[in-house]
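Student: Can we go through the charged side chains in this one together? I'd like the cut-offs spelled out as we go.

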Amino acid sequence: MMKRNKKRRAGFTLVEVVLSAAILGVLTRSLVIASQGMGAMSKTGGSMSLLQEQATKAQNALFADLRQSGLMMVDGLSYPHIFEDGVPGAGFEAHAHVPGAQDAVVGQSDFGAHHAIVFLAPADMDNDGRPDMDLDLNGVPELDGNRDGVLSEDVNDVGAWNQALYQIDPVTGLVWDKAGVRYAVLDGPDGRTYLERWVGGVLDRRIAKDVERFLVETPLETGFTIPSNAVRISLFLRRTDTDGVTYRHSAQWVVSLQNGELE
């Protein structure tokens with residue numbers, strides 16, 4: 001009799017099996033939910049990281065360009081020139097374009113028209129990485145076109161100098177390229193919206209993608225909360241992942257131009 005009782009106790013009862021299965025099911029479900037949560041967090045972090053990276057690219061490019069530019073009047077045109085919806089003012093018609101598509105709706109922080117900005121950049125005709133200068137202010141810059149390390153007005157250095165294409169500052173001798181640099185948002189060939197850099201009406205490069213809105217404000221438009229020699233730039237980015245979740249990121253900077261200091 002004692003031996004038979006011991007044999008019955010050696011196995012699992014039906015209740016124990018059912019409880020074990022239930023506990024195992026709960027643990028498995030918890031692990032699945034935790035794994036899904038970690039996956040969602042990873043996807044969110046990745047998407048936000050990508051948007052932040054694009055904002056940094058835009059900031060670096062804009063700062064590098066605008067800090068070399070300045071407030072100026074050339075051939076009766078005032079620079080920098082800021083416009084919206086791809087429709088520039090008189091004299092800047094060559095910079096007209098179709099702005100990139102937008103998804104934001106009224107009430108969202110990134111809703112509103114795209115802006116664009118056109119400004120002049122220092123010339124670098126000899127491609128030596130340095131702004132061209134007219135050191136003796138005689139109307140002809142000293143260049144190093146033949147790469148011998150000597151700046152001169154010799155034809156081998158200057159090449160086919162066309163004064164109509166450039167503006168020489170009468171005080172500093174700095175040579176400005178009249179071609180003009182434009183930053184604007186357009187649709188890319190892949191269907192995404194890009195902040196693009198154009199020079200002389202030709203696409204130079206695409207700076208940042210997934211741009212929902214590009215806003216450039218003058219001191220007057222900010223109520224003079226920024227210095228009179230600066231512009232305020234706001235960049236809004238928007239990205240939708242494969243699950244249909246939309247992520248948004250924004251950044252704002254104040255950039256001082258060359259002919260003035262922040263006050």
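Tutor: Let's start with a pair of neighbours: the side chains of aspartate 204 and arginine 205 meet in a salt bridge, 2.8 Å from N to O. A salt bridge here is a side-chain nitrogen of Lys or Arg within 4 Å of a carboxyl oxygen of Asp or Glu. Bear in mind that this is a predicted model, where local features need pLDDT of at least 70 and side-chain atom pairs count only at pLDDT 80 or more, while totals for chains, interfaces and linings use all residues. Residues are numbered from 1 along each chain as its sequence is written, and side-chain values use heavy atoms, with hydrogens and water left out.

Student: Which residues are linked with Asp204 and Arg205 in a network of salt bridges?

Tutor: Aspartate 204 is partly exposed at 39% relative accessibility, and arginine 205 is partly exposed at 38%. (Buried is under 20% relative accessible area, exposed over 50%, partly exposed in between, with a 1.4 Å probe and protein chains only.) The network that holds this pair also takes in Asp65 and Arg197.

Student: How many salt bridges does the count come to?

Tutor: The pair of arginine 130 and aspartate 128 is one example, at 3.0 Å from N to O. By the 4 Å rule, the count comes to eleven.

Student: What is the relative accessible area of aspartate 110?

Tutor: Aspartate 110 forms a salt bridge with arginine 248, with the closest N and O atoms 3.3 Å apart. The two sit 138 residues apart, aspartate 110 in the loop between strand 3 (81-84) and strand 4 (115-122), arginine 248 in strand 11 (residues 246-256). Strands are DSSP runs of E, at least two residues, and helices are runs of H or I, at least four, numbered from the N terminus. Arginine 248 is partly exposed at 41%, whereas aspartate 110 is buried, at 2%.

Student: And glutamate 142: which backbone nitrogen does its side chain reach?

Tutor: Glutamate 142 lies in the loop between strand 4 and helix 3 (155-158). This residue is buried yet has no salt bridge, and the nearest side chain of opposite charge, arginine 130, is 11 Å away; Lys and Arg count as positive, Asp and Glu as negative, with His and the chain ends not counted. At 2.6 Å, the side chain reaches the backbone nitrogen of leucine 135.

Conventions:
Polar contact = N/O pair within 3.5 Å; in protein donor to acceptor, adjacent residues only side chain to side chain.
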